[in-house]
Amino acid sequence: MFIGHYSTAFAARKLKPAIPLWHVFIAAQLVDFGWAILVMLGVEKVRVIPHFMEASMLDLYYMPYTHSLPGSLIWAIGAGALYGVFWKGERKFSAGLIFGAVVFSHWLLDLIVHAPDLLLYPGGPMVGFALWNSLVWSQLVEGGLLLAGFALYMFCTKPKTKAGVWAPFALLAFMVALQAYNHIPVEVPPTPLVFSVMGVFAYSLLALLAWLTDRTRTS
Ligand SMILES: [Zn+2]
């Protein structure tokens, strides 16, 4: 899953308005940042197989450190604890809890679309409901999740500057465009290394745009 992950980031802004949107944008993709880096280092493994699933050509056959259930929980608890410790505002616990919950939401949302490649526990079964087998349904679910989160964000914030009226919609349109670009059929598929570099670039760019957008809105 790609843009659907940001639904929980937008929702977190409603739960705790003091958390900047770009922080939770990073939280929502934190385990994919980790995945991309571990793929670059050759620790986690992926094969590119055209038409592996209708909406994905990635055979993600080995990623126990980032996308297993215990792995994701460790990322979420660790990141949430660190975030709470470094949180400068009031109520450190709730800041850390919300940040950690957004990190963990990544695994739950991946569970919907992935092939059974998410390890449940060491030596246990791999799980995944494989919605990526349908391009239409996976995009409807992902788009619907994103829109629901975006609507929450729009209802719990209001424009602070003139740009605040259109900036969120520009961010949303850019996210949808990135998602569409992701699914354009290609003749020569990118290598796993290119996939992971593109991932880090896209997640970082979206966090930057979330920062710019959030500056135009107030709670
Ligand atoms: Zn993922």
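I shall begin with the overall architecture and then turn to particular elements and residues.

This is a predicted model, in which local features need pLDDT of at least 70 and side-chain atom pairs count only at pLDDT 80 or more, while totals for chains, interfaces and linings use all residues. Residues are numbered from 1 along each chain as its sequence is written, and side-chain values use heavy atoms, with hydrogens and water left out.

The protein contains 9 helices and 6 strands; these are DSSP runs numbered from the N terminus, with helices being H or I of at least four residues and strands E of at least two. Its radius of gyration is 17 Å, close to the 17 Å that the globule rule gives for 219 residues, so the protein is as compact as a globular protein of that length. Here the radius is taken over C-alpha atoms, and the rule is 2.2 Å times the number of residues to the power 0.38. Along the principal axes, the C-alpha atoms fill a box of roughly 45 × 35 × 30 Å.

Of the 219 residues, 47% count as buried, where buried means under 20% relative accessible area, exposed over 50%, and partly exposed in between, with a 1.4 Å probe and protein chains only. Among contacts with a separation of 6 or more, 68% join residues 24 or more positions apart; contact means heavy atoms within 4.5 Å.

Helix α6 covers residues 92–113; at 1.5 Å a residue, its 22 residues should span 32 Å, and its end C-alpha atoms are 33 Å apart, which agrees. The expected span is 1.5 Å times one less than the number of residues. In α6, 16 of the 22 residues are buried, so this helix is largely enclosed by the rest of the structure.

The buried residues of α7 are Ser138, Glu142, Leu146, Gly149, Phe150, Tyr153, Met154 and Cys156. What do the buried residues of α7 pack against? Their partners are α1 (6–15), α2 (21–28), α6, α8 (167–182), α9 (192–214) and β6 (217–218).

His51, in strand β1 (residues 45–53), has a positive phi of about 60° although it is not a glycine. At 75% relative accessibility, His51 is exposed. Arg91, in the loop between α5 and α6, likewise is not a glycine and has a positive phi of about 55°. Arg91 is exposed too, at 63% relative accessibility.

Finally, two further positions. Beyond its neighbours within four places in sequence, Met63 contacts Trp35, Glu44, Ser68, His114, Asp117 and Leu118. Pro70 lies in helix α5 (residues 69–86) and is partly exposed, at 27% relative accessible area. With neighbours within four places in sequence set aside, Pro70 is in contact with Leu119, Leu120, Tyr121 and Pro122. The C-alpha atoms of Pro70 and Val165, 95 residues apart along the chain, are separated by 41 Å.

Thank you for your attention.
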